[in-house]
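The following exercises are to be worked with the sequence and the model in view. Each task is followed by a solution in steps.

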Amino acid sequence: MNTSQRIAVFVAVANLLLLAAFPPYDYVSLQRGNVPTFDGFYFAFGSHLNRVLNKDFLLLEVIVVLINACIAVLLLRAPAVSQARRLGGNKRQRSVLLLVAINLVLMVLFPPFEYYSAITKAALPTFEGFYFVFGDNSQRQLVTPILYIEAALVLINGALLWLVFRDKTPEELSAEQVRALAQRVRATQKN
């Protein structure tokens with residue numbers, strides 16, 4: 001592990017400690033039938049009346065930090081001496097990584113919410129819209145199943161695009177070489 005990777009791991013650990021020190025809490029109101037609604041981030045060792053830890057949102061935050069740390073460690077690895085490639089892949093692959101990181105950050109900053117009055121026991125709950133996570137969300141509840149689906153789809157699409165945009169190795173044939181080989185095979189089969 002080189003110095004840049006150590007710094008990336010240190011930053012990830014610092015972020016995880018910060019997340020543990022100020023986790024997200026839901027407010028449980030008797031007026032709303034004991035339905036928890038997202039209330040904000042509070043110091044973990046403080047007194048929080050009528051508030052419960054939002055474990056799903058905290059888990060999502062931890063997953064995003066760990067994914068970003070893994071991406072940073074991969075991008076900051078030292079290339080082999082014989083390897084002439086750039087760190088993190090080619091320009092298109094680095095663009096894909098940047099777009100995936102931006103999408104994940106935006107998903108955490110603007111998660112899906114639903115109004116507490118529309119809460120049901122359905123597998124996929126109702127969805128009212130995306131709201132800024134630090135805004136006034138006292139009348140709304142975070143919809144974690146939709147947020148999980150969003151994150152999974154962004155990561156899967158990013159991984160597929162990363163593979164599509166990878167550089168071809170000398171052993172791989174280009175499209176023109178495959179066509180020429182197919183024509184030679186057809187010509188030999190006709191004879």
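Contact means heavy atoms within 4.5 Å. The model is predicted, so local features need pLDDT of at least 70, side-chain atom pairs count only at pLDDT 80 or more, and totals for chains, interfaces and linings use all residues. Residues are numbered from 1 along each chain as its sequence is written, and side-chain values use heavy atoms, with hydrogens and water left out.

**Exercise 1. Determine how many helices and strands the protein chain has, and in what order they run.**

Step 1. Helices (H or I, at least four residues) and strands (E, at least two) are DSSP runs, numbered from the N terminus.

Step 2. The protein chain comes to 5 helices and 6 strands.

Step 3. Read from the N terminus, the order is α-β-β-β-α-α-β-β-β-α-α.

Step 4. Of contacts between residues at least 6 apart in sequence, 57% join residues at least 24 apart.

Step 5. Relative accessible area is classed as buried under 20%, exposed over 50% and partly exposed in between (1.4 Å probe, protein chains only). Buried residues account for 28% of the 191 residues in the protein chain.

**Exercise 2. State which residues Phe43 touches, not counting those up to four places away in sequence.**

Step 1. Phe43 is located in the loop between β2 and β3, and its relative accessibility of 41% makes Phe43 partly exposed.

Step 2. With residues up to four places away in sequence left out, Phe43 touches Ala21, Phe22, Tyr25 and His48.

Step 3. The phi of Asn50 is near 60°, a positive value in a residue other than glycine.

**Exercise 3. Decide whether Asn54 is buried or exposed, and list its contacts beyond four places in sequence.**

Step 1. Asn54 is found in the loop between β3 and α2.

Step 2. A relative accessible area of 7% makes Asn54 buried.

Step 3. Outside the four places on either side in sequence, Asn54 touches Pro24, Tyr25, Asp26, Phe38 and Leu142.

**Exercise 4. Classify the aromatic pairs Tyr25–Tyr42 and Phe132–Phe134.**

Step 1. A pair of aromatic rings is described by the distance of the centres and the angle of the planes. Rings of Phe, Tyr and Trp (its six-membered ring) pair if their centres lie within 6.5 Å; planes under 30 degrees apart count as stacked, over 60 as edge-to-face and the rest as tilted.

Step 2. In one of them, Tyr25 and Tyr42 are 5.9 Å apart centre to centre with 55° between the planes, and the pair is tilted.

Step 3. Tyr25 belongs to strand β1 (residues 24–28) and Tyr42 to the loop between β2 (36–41) and β3 (51–53), so the pair ties together parts that are 17 residues apart in sequence. Tyr25 is buried at 9% relative accessible area, whereas Tyr42 is partly exposed at 26%.

Step 4. For Phe132 and Phe134 the ring centres are 5.5 Å apart and the planes stand at 70°, so this pair is edge-to-face. Phe132 is partly exposed at 37% relative accessible area, while Phe134 is exposed at 52%.

Step 5. Phe132 and Phe134 belong to one aromatic cluster with Phe38, Phe41, Phe57, Phe110, Phe113 and Tyr131.

Step 6. A charge sits over a ring if NZ of Lys or CZ of Arg is within 6 Å of the ring centre and within 35 degrees of the ring normal. The charged end of Arg140 sits over the ring of Tyr131, 3.6 Å from its centre.

**Exercise 5. Describe how α2 and α3 are each oriented to α4.**

Step 1. Axes are lines fitted to C-alpha atoms, for helices over the stretch in contact, and angles run from 0 to 180 degrees between N-to-C directions. Angles under 35 degrees count as roughly parallel, over 145 as roughly antiparallel, 65 to 115 as roughly perpendicular and the rest as oblique.

Step 2. The axes of α2 (residues 55–75) and α4 come within 10 Å and cross at roughly 15°, so α2 is roughly parallel to α4. Here Asp56, Leu59, Leu60 and Ile67 in α2 meet Thr144, Leu147, Tyr148 and Leu155 in α4.

Step 3. The axes of α3 (residues 91–109) and α4 come within 9 Å and cross at roughly 175°; α3 and α4 are therefore roughly antiparallel.

Step 4. Ala152 lies in α4 (residues 144–164) and is partly exposed at 36% relative accessibility. Ala152 and Leu104 are 48 residues apart in sequence, and their C-alpha atoms are 9.9 Å apart in space.
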